[in-house]
Amino acid sequence: MNFIAAAIAAAGAAIAAGYGNGKVISKTIESMARQPELSGQLRSTMFIGVGLIEALPIIAIVISFMLISQ
C-alpha cells in the first residue's frame, strides 16, 4: 500500500509541476511580447517562480521515499 501512495504522490507532484511551469512560462512569454523593454526583469522573475514550482516535486519525492521506507 505504501508503494501505491508513493506513486500517487510522485505522479501528482510531477503533473502539477508540469502544469505550473507551463502556465508561468506562457504568461512570461506573453508579457515579454506585450512589453519587450521589461523582458530582463520578467525573465529573472520567471526563473525564481519556476524554481519555487520545481521544489514541489522534490519534496514529493522525499515524502515518497519516506513512505516506502516505513
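Predicted model: local features only at pLDDT ≥ 70, side-chain atom pairs only at ≥ 80, totals over all residues.

Visitor: Which residue forms a salt bridge with Lys27?

Guide: That would be Glu30, and the closest N and O atoms of the pair are 3.8 Å apart.

Visitor: Why is a pair at 3.8 Å a salt bridge?

Guide: The cut-off for a side-chain nitrogen of Lys or Arg and a carboxyl oxygen of Asp or Glu is 4 Å. The 3.8 Å between Glu30 and Lys27 is within that limit, so the pair counts.

Visitor: How many salt bridges does the structure hold?

Guide: There are 2 salt bridges in the structure. Besides the bridge between Glu30 and Lys27, Glu30 meets Arg34 through their side chains, at 3.5 Å from N to O. Glu30 and Arg34 are 4 residues apart in helix H1, again about one turn of the helix. Lys27, Glu30 and Arg34 are therefore linked in a network of salt bridges.

Visitor: Nice. Are Glu30 and Arg34 buried or exposed?

Guide: Glu30 is partly exposed, with a relative accessible area of 36%. Arg34 counts as exposed, at 66% relative accessibility.

Visitor: Switching topic: how do H1 and H2 pack?

Guide: Their axes are 8 Å apart, and the angle is about 175°. Angles over 145 degrees count as roughly antiparallel, so H1 and H2 are roughly antiparallel to each other. Sorted by class, the contact of H1 with H2 has 21 nonpolar, 7 polar and 2 charged residues.

Visitor: Can we pick a residue on H1 and go from there? Where is Gly20, and is it buried or exposed?

Guide: Gly20 has its place in helix H1. With a relative accessible area of 16%, Gly20 is buried, because the cut-off is under 20%.

Visitor: How far apart are Gly20 and Glu54 in space?

Guide: From C-alpha to C-alpha, they are 9.0 Å apart, while 34 residues separate them in sequence. For another pair, take Lys27 and Val62: they are 35 residues apart in sequence and 30 Å apart in space, C-alpha to C-alpha.

Visitor: Okay, now the surface. Which residues make the nonpolar patch?

Guide: Phe3, Ile61, Phe65 and Ile68 make it, and the patch has an area of about 420 Å². Helix H2, residues 39-68, gives the most to the patch, with 3 residues.

Visitor: And where is Phe3?

Guide: Phe3 has its place in helix H1. Phe3 is exposed, because its relative accessible area of 61% is over 50%.

Visitor: Last one, Ser39. Which helix does it lie in, and how far is it from Ala17 in space?

Guide: Ser39 lies in helix H2. Ser39 and Ala17 are 23 Å apart in space, C-alpha to C-alpha, and 22 residues apart in sequence. At 22% relative accessibility, Ser39 counts as partly exposed.

Technical notes
Residues numbered from 1 in each chain as written. Heavy atoms only, no water. Patch = residues over 30% accessible without salt bridge, like charges linked within 9 Å, V, L, I, M, F, W, Y side chains within 5 Å. Areas by Shrake-Rupley, 256 points an atom, 1.4 Å probe, with all protein chains shown as cover. Helix = DSSP H or I, 4+ residues; strand = E, 2+ residues; numbered from the N terminus. Buried < 20%, exposed > 50% of the residue type's maximum accessible area, 1.4 Å probe, protein only. Axes fitted to C-alpha atoms, helices over the stretch in contact; angles between N-to-C directions. Parallel < 35°, antiparallel > 145°, perpendicular 65-115°, else oblique. Nonpolar A, V, L, I, M, F, W, Y, C, P; charged D, E, K, R; others polar.
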